[in-house]
Amino acid sequence: MFCRQCEQTANPCTKLGVCGKQPDTAYLQDLLTYALQGLATYAKEELKEGKLDSKVNRFTVEALFSTLTNVNFDSEAIKNFIYEAVNLREELKGKGIKVQETEACNFKPADSLEELVKQGEDANRKLFHSYQNEDIQSLKEITLYSLRGIAAYADHAAILGKEDNSVYAFIYDALDSMQRNGDLNFWLNMVLKAGETNLRAMELLDAANTGRYGHPVPTAVPLGYKKGKAIVVSGHDLRDLEILLKQTEGKGIYVYTHGEMLPCHAYPELKKYKHFYGHYGTAWQNQQKEFAQFPGAILMTTNCIIRPLDSYKDRIFTTGVVGWPGVKHIKDKDFTPVIEKALELPGFPEDKESKTVMVGFARNAVLGVADKVIELVKAGKIRHFFLVGGCDGAKPGRSYYTEFVEKAPQDTVILTLACGKFRFFDKELGSIDGIPRLLDVGQCNDAYSAIQIALALSKAFNVGVNELPLSLILSWFEQKAVAILTTLLYLGIKNIRLGPSLPAFVSPNVLKVLVDNFNIKPIKTVDEDLKEILG
Ligand code: FSO
Ligand code: SF4
């Protein structure tokens, strides 16, 4: 196998993914990507004509989402996606659409899993080793990983009924182009187009979430628990959580969030459920320890799942595009097996009171106090804003982000989002004239909200975003973060500090372009970076 799509890669992962992905599954995911390229060639034309069945759009984003880091480790599930991609391609072909065919247009999947894996080895060569130029390869990979991130956002939005053909059109175009010869400029443009498309996908998701569940409102979330039966929900999917809350109502079960589900407590239409109690645990990479101690059932709605330990393998469930071999998958959103499991298990023996954390500072809440914030900036009471956000992970270098927040001066405000916040989410940072110094904007899926806050501030101060007293201190791990990064580049945002290490798929020349044009910098030490930013 050859995989270097995430931050924890062994650069590349070749024998077994650091994430736990087996070589066979990795090859099948490569084959799926290849099959999707063949499908895209036809879907692209059919969409242009306005004749494409929406099932192809939905299928494509789900299939791409399944190849994102820490989503689907189940070879059987990936195999089914491959067959379905080819079926859909043949269906479109049968309509007589004229296309300029590529090899992938005629790919025939083998019958056995073993043979498919062999075909996957070939697909891997095509995807990662058949290039003349490492810079074009680098840009193609940035595009592919962004597509996976865009697909994740588009899938979440579509689940709640928000779609836009421009997003699908780009996905098909990029997948199709990957098999053709584009020069460096072509691929540089493609990366920026990915950023533009991702902005649209995130906008759709923001509209979907706030349209259905209301705008998040500042909310205190308990980190303790209540005596009684329990289910913990992880991942990112608000709809799954809503369905589970409805199905558990009146059953004597408390529902808790884990990881990226924490911000769900701030949505009016979710927080209204009395048995939606609090937050359990921290970020994804701590799940083995935390789930082992949780006395109830566990539901994974999206990334990031890691190898379930035997101690909880029989009480963890997956749904949506998530999969782990041998773990019970809920297909139809009937969560009865999860509920029955929770009722069988002991639950928490007694209440545990503990501190609370504040969530719900998404764009509507923050912009609601914009006048006050602007006043405080003008009065010199707020000197600077930092957006300390992004993914968490296991590497020791990630303590930089905790230290950064601890050392940020008292007259600065920290905006945060995504699972990286668990390194400091329960710190008491105080407030500045009633404005909390730590503002949780939401999930990584809410990056759109943070962008809107920055754009509104730049309008209020009548300066460009790059001239605002705002610095972006980002941590990345997987492909949603890659997509967000391309969006920031598309918006012309400069001086981003990125860590804990730079992506392995960015070639030295591509990095130079990013540094020269956008002044992207790797994180240094907290003291050096703070000194450089604040002068
Ligand atoms: Fe974290 Fe995982 Fe949300 Fe990522 S849970 S690391 S960017 O997949 O999705 O922030
Ligand atoms: Fe390695 Fe990351 Fe790929 Fe997993 S997703 S195999 S850890 S590069």
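**Close-up views of a predicted model**

**View 1. Domain 2 against domain 3.** The C-alpha centres of domain 2 and domain 3 lie 29 Å apart. In domain 2, E260, W284 and Q285 lose the most area to domain 3, together 38% of what that side buries. The contact joins 19 residues of domain 2 to 19 residues of domain 3. Between them, domain 2 and domain 3 bury about 1,300 Å². Carbon and sulfur atoms make up 63% of that area. This is a predicted model.

**View 2. The domain layout.** The domain assignment divides the protein into three named stretches. Domain 1 covers 23-212. Domain 2 covers 219-344, and domain 3 covers 362-534.

**View 3. Ligand 1 between two domains.** Domain 2 (219-344) and domain 3 (362-534) both give residues to the shell around ligand 1, so ligand 1 lies between them. The space that ligand 1 takes is the largest cavity. Around ligand 1 are H236, E260, W284, N303, C304, C391, A418, C419, C444, F477, E478 and K480. By class, this shell has seven nonpolar, two polar and three charged residues.

**View 4. Oxygen atoms of ligand 1.** For E478, an N or O atom of the side chain is 2.2 Å from an oxygen atom of ligand 1. For N303, the distance from a side-chain N or O atom to an oxygen atom of ligand 1 is 2.5 Å. For E260, a polar side-chain atom lies 3.0 Å from an oxygen atom of ligand 1.

View 5. Ligand 2 has 13 residues around it. C3, C6, C13, C19 and T69 come nearest. The shell around ligand 2 holds six nonpolar, five polar and two charged residues.

Notes
Residues are numbered from 1 along each chain as its sequence is written. Chains are lettered from A and ligands numbered from 1 in the order in which they are written. This is a predicted model: local features need pLDDT of at least 70, side-chain atom pairs count only at pLDDT 80 or more; totals for chains, interfaces and linings use all residues. Side-chain values use heavy atoms; hydrogens and water are left out. A residue is near a molecule or strand if one of its heavy atoms lies within 4 Å of it. A polar contact is a pair of N or O atoms within 3.5 Å; within protein, one must be able to donate a hydrogen and the other to accept it, and residues adjacent in sequence count only if both atoms are side-chain atoms. On a 1 Å grid over the protein atoms alone, a cavity is a set of points where a 1.4 Å probe fits but cannot get out, and a pocket is an open set with protein on both sides within 12 Å along at least five of seven lines; lining residues have an atom within 4 Å of a point. A molecule sits in a cavity or pocket if more than half of its atoms lie within 2 Å of its grid points. Ala, Val, Leu, Ile, Met, Phe, Trp, Tyr, Cys and Pro count as nonpolar, Asp, Glu, Lys and Arg as charged, and the others, Gly among them, as polar. Domain bounds come from an automatic or database domain assignment. Contact means heavy atoms within 4.5 Å. Buried area is the accessible area (1.4 Å probe) that two parts lose on being put together, summed over both.
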